[in-house]
Amino acid sequence: MKVVLLAGGKGTRARPFSDYIPKSMIPIEGRPVIDQVVRYLARFAIVEEILIVCEFDFFGNQIINYFEGKDSIVLKKISFIEDSKNGTGGAVLRAEESITNGSEPFLVWFADNLCALDLMDLVSRYNALNTQLTDGKEVTGILVTRKHRYEETGRVTVEAKDCNRIVKFIEKPIVELESPEALGIYLFSKKIFEYLHQQESVARHKQTNSFNLSHDVLANLPSTGINLYSYNLDKNTDWIDIESPIYADRNRKIIRRIIEQMC
């Protein structure tokens, strides 16, 4: 199985750090976040190659130079694909030629996301779903999601009839989400490229040449009868998007817990 790590983008939330260094190079426990992800995924025997999609400019070259010679350390082939700056949908599409030569399914992972995902269980879920389907269709993709979230601020319960007197205070609780939250980690069949090409044509017609994987592609597929599924993380498996160095510093406990889970 091949893995596509999306490491392009401007990282506006990480400024001013991202004015000088790619967001995926934010240091986490002594290593760039993308390095933490690569080393974790490389441990799975099912992973045959890691494809990093990044810009081939000053910023992207920092990522390329960092991983130079590290194939022998992680014991997996690491390849680089130039991000054409056509949005996240365009970034995945750039990997099509490399993915076509591999087996299905393939994994797409935003390189600034940390999670000790049970990859083997995710793939088993994919295979089981394909076995169970009876409508002649195949699984186009599985989106990794969660039904819970750690809040950064405290929550209060108030008595409205008593001038909003606080009757309960909970510091940074775990909140149950009404709808599962998509986490930027996807397992796709090659069928996804068909829909990416369709959206690419739409973007060109609109003369934007840029399209978003989530907003322009995935958001529209369920209504067309395409088989997309959700894979919910259990409460013992944490996830975090390393938005910026400041955000990472505020969430040190969660990050250290994830790194421990990834070891």
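1. Helices (H or I, at least four residues) and strands (E, at least two) are DSSP runs that are numbered from the N terminus. In these terms, Leu 75 sits in the loop between helix 3 (71–74) and strand 5 (77–82). The chain as a whole has 10 helices and 13 strands.

2. Before going further, a word on the model: it is predicted, so local features need pLDDT of at least 70 and side-chain atom pairs count only at pLDDT 80 or more, while totals for chains, interfaces and linings use all residues. Residues are numbered from 1 along each chain as its sequence is written, and side-chain values use heavy atoms, with hydrogens and water left out.

3. The overall dimensions come next. For 263 residues, a compact globule would have a radius of gyration near 18 Å, and the 20 Å of this chain agrees with that; the radius is taken over C-alpha atoms, and the globule rule is 2.2 Å times the number of residues to the power 0.38. Along its principal axes, the C-alpha trace spans about 65 × 45 × 40 Å.

4. On burial, the terms are as follows: buried means under 20% relative accessible area, exposed means over 50%, and partly exposed lies in between (1.4 Å probe, protein chains only). Of the 263 residues of the chain, 47% count as buried. The chain exposes about 13,700 Å², and carbon and sulfur atoms supply 49% of that area, with accessible areas coming from the Shrake-Rupley method with a 1.4 Å probe, where for residues only the protein chains shown count as cover.

5. Contacts, meaning heavy atoms within 4.5 Å, show how parts of the sequence are brought together. Among the contacts in the chain with a separation of 6 or more, 75% are accounted for by residues 24 or more positions apart. Val 108 and Ile 185 are 77 residues apart in sequence, yet their C-alpha atoms are 5.8 Å apart in space.

6. Cys 263 is exposed, with a relative accessible area of 71%, whereas Cys 54 is buried, with a relative accessible area of 0%.

7. Two residues deserve a check of their backbone angles. Most residues other than glycine have a negative phi. Leu 75, however, has a positive phi of about 60° although it is not a glycine, and Leu 75 counts as exposed at 68% relative accessibility. Lys 85 also has a positive phi of about 60° without being a glycine; Lys 85 is placed in the loop between strand 5 and helix 4, and it counts as exposed at 56% relative accessibility.

8. Arg 94 lies in the loop between helix 4 (87–93) and helix 5 (96–100), and at 40% relative accessibility it counts as partly exposed. Leaving out residues up to four places away in sequence, Arg 94 touches Ile 81, Glu 82 and Ser 84. The C-alpha atoms of Arg 94 and Asp 83 are 7.0 Å apart in space, with 11 residues of separation in sequence.

9. Thr 208, in the loop between helix 7 and helix 8 (213–218), counts as partly exposed at 45% relative accessibility. The C-alpha atoms of Thr 208 and Arg 155 are separated by 42 Å, although the two are 53 residues apart along the chain.

10. Finally, Lys 235 lies in the loop between strand 12 (228–232) and strand 13 (239–241). Apart from its neighbours within four places in sequence, Lys 235 is in contact with His 148, Tyr 150 and Glu 176.
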